[in-house]
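This briefing gathers a set of computed features for one protein chain, arranged by topic for a reader who has the coordinates at hand. Please read it alongside the structure shown below.

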Amino acid sequence: MTSIKSPGEKNLMLFSGRAHPELAEEIARHVGVSLTPTKLIDFANGEIYARYLESVRGCDAFVIQSHTVPINQWIMEQLIMVDALKRASAKRITVVMPFYGYARQDKKGRGREPITARLIADMFKTAGADRLMSIDLHTSQIQGFFDGPVDHLFAMPVLENYLKNKLDLDNTTIVSPDTGRVRLSERWADTLGTPLAFIHKRRDLDVANQVKVSEVVGRVRGRTCVLIDDMIDTAGTICKAADALYEQGATNVVVAATHAVFSDPAVDRLKNSRISEVVVTNTLPLSQAARFDKLTVLSIAPLIARAITEVFKDGSVTSLFEGDT
C-alpha cells in the first residue's frame with residue numbers, strides 16, 4: 001500500500017479580495033462554485049482584518065486578487081487572506097494574481113536598488129502560499145523567484161481570437177514596441193502567420209522619463225500594424241510607437257495589451273492618439289472614467305477558470321496554450 005485515501009473528497013474553494021470582485025465572481029461562475037463568504041474590513045488606522053465565514057479545513061484554496069490601485073493595500077489584503085487560510089488548516093493555497101504587482105522591478109539596473117518582484121514572491125511564500133498563478137508576467141524569470149509551482153498563463157489566445165476575426169491577416173504586421181517584447185511578438189506572428197517588425201527606441205538623455213523613438217525595423221508601409229505589449233501604464237511608449245508607424249507609412253494601428261494599468265495621463269493620450277483600437281483584458285478593474293470609444297475589454301475569466309480547474313484536478317495547465325510554456 002503506497003497511500004491511504006481519506007473518506008472525504010477534494011474540496012475546491014474560491015476566495016476573493018476587494019480589489020476586483022467582478023472578475024472573481026465571473027471566474028467562480030465559470031468554475032461552477034460560489035465565492036466563499038469572507039469578512040474583510042479596515043480598521044480606523046488602515047489595518048486590514050480577514051475572517052472566513054465557513055470552514056476551510058482541508059480545502060484546495062484559490063485566493064483571487066488583482067493588484068490594482070491602491071496596489072500596496074490589495075497586496076497586503078491578499079497576504080492576510082493567505083495567512084488566515086494557513087492558520088485555518090487549508091490543505092493547499094494557490095494565490096491567483098491576474099496582474100503581478102511590482103513585476104517591473106525584477107532586476108537591479110543600478111546599484112542600491114531592490115528586486116521587489118522577488119520580495120513579493122518571498123512574502124507570499126512566508127504567508128503560506130503553495131502555488132502562484134498569474135497572467136503575462138513582465139518577464140518570465142519572475143517564475144523562478146517563487147519557491148514552488150508557478151502557473152504562468154498567457155492572454156494571447158483571448159486577444160488573438162478577437163483580432164484575427166477583425167483583421168485581414170494578409171495585410172497585417174505584428175509589431176513589438178521595444179526590444180523587450182520581441183519574443184512575445186514573435187509568438188503572435190508565428191501563430192497568426194504574419195510578418196514581424198519592431199521599434200528600436202532609446203531614452204532621451206536630456207529629458208527625464210522621456211522615450212525617443214529612433215527607428216522602425218520591418219514591413220509596415222501600407223499595412224495594418226498590431227502593437228503588442230504586456231501592459232499599458234501611462235501609454236507614452238505605445239503612443240510614440242504608433243506615431244512612428246504612421247510616419248513609416250502604416251495605414252492603421254491597433255494596440256493589444258493584457259493589463260490596462262492606465263495611470264494618468266494614459267486615457268487622454270490614447271483617446272487623442274491616432275490608434276484606431278485599444279484591445280485589453282479585464283485583469284485589472286476599469287472605472288467608467290477610464291473607458292473610451294476606442295477601447296475594447298475582453299474577459300480573461302474563462303481562461304483563469306480553466307487553469308484553476310486543471311490545477312484542482314491535477315491536470316495540465318500547459319495544455320491550455322497548445323505547447324506554449
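This is a predicted model: local features need pLDDT of at least 70, side-chain atom pairs count only at pLDDT 80 or more; totals for chains, interfaces and linings use all residues.

Contact here means heavy atoms within 4.5 Å.

**Annotated domain**
- An unreviewed UniProt entry places the feature "domain: Ribose-phosphate pyrophosphokinase N-terminal" at residues 12-128.

**Packing of α2 and α3**
- Helix α2, residues 71-87, packs with helix α3, residues 116-127, at an angle of about 25 degrees, and their axes are 8 Å apart.
- Because angles under 35 degrees count as roughly parallel, α2 and α3 are roughly parallel to each other.
- On the α2 side the contact is made by Ile75, Gln78, Leu79, Val82, Asp83 and Lys86, which meet Ile120, Met123, Phe124, Thr126 and Ala127 of α3.
- By residue class, the contact of α2 with α3 comprises seven nonpolar, two polar and two charged residues.

- His67 is found in the loop that runs between β4 (60-64) and α2, and His67 counts as buried because its relative accessibility is 2%, where buried means under 20%.
- The side chain of His67 forms a polar contact of 2.8 Å with the side chain of Gln78, a residue of α2 that also takes part in the meeting with α3.
- A polar atom of the His67 side chain also lies 3.4 Å from the backbone oxygen of Phe99.
- When neighbours within four places in sequence are left aside, the contacts of His67 are Ile75, Gln78, Met97, Phe99, Tyr100, Gly101, Phe124 and Leu284.
- Among these contacts of His67 are Ile75 and Phe124, which belong to the α2 and α3 sides of the helix pair respectively.

- Ser16 belongs to strand β1, residues 12-16, and with a relative accessibility of 13% Ser16 counts as buried.
- Although Ser16 and Ser66 are 50 residues apart along the chain, their C-alpha atoms are separated by 9.4 Å.
- Not counting residues up to four places away in sequence, Ser16 touches Pro21, Ala24, Leu35, Leu40, Ile64 and Met81.

**Helix α5 and the residue after it**
- In helix α5, residues 182-192, the buried residues are Leu184, Ser185, Arg187, Trp188, Ala189 and Leu192.
- Gly193 follows α5 and has a positive phi, near 70 degrees.

Technical notes:
Residues are numbered from 1 along each chain as its sequence is written. Side-chain values use heavy atoms; hydrogens and water are left out. UniProt positions are given in the numbering used here, feature names are shortened, and annotations may be inferred rather than shown by experiment. Axes are lines fitted to C-alpha atoms, for helices over the stretch in contact, and angles run from 0 to 180 degrees between N-to-C directions. Helices (H or I, at least four residues) and strands (E, at least two) are DSSP runs, numbered from the N terminus. Angles under 35 degrees count as roughly parallel, over 145 as roughly antiparallel, 65 to 115 as roughly perpendicular and the rest as oblique. Ala, Val, Leu, Ile, Met, Phe, Trp, Tyr, Cys and Pro count as nonpolar, Asp, Glu, Lys and Arg as charged, and the others, Gly among them, as polar. Buried means under 20% relative accessible area, exposed over 50%, partly exposed in between (1.4 Å probe, protein chains only). A polar contact is a pair of N or O atoms within 3.5 Å; within protein, one must be able to donate a hydrogen and the other to accept it, and residues adjacent in sequence count only if both atoms are side-chain atoms.
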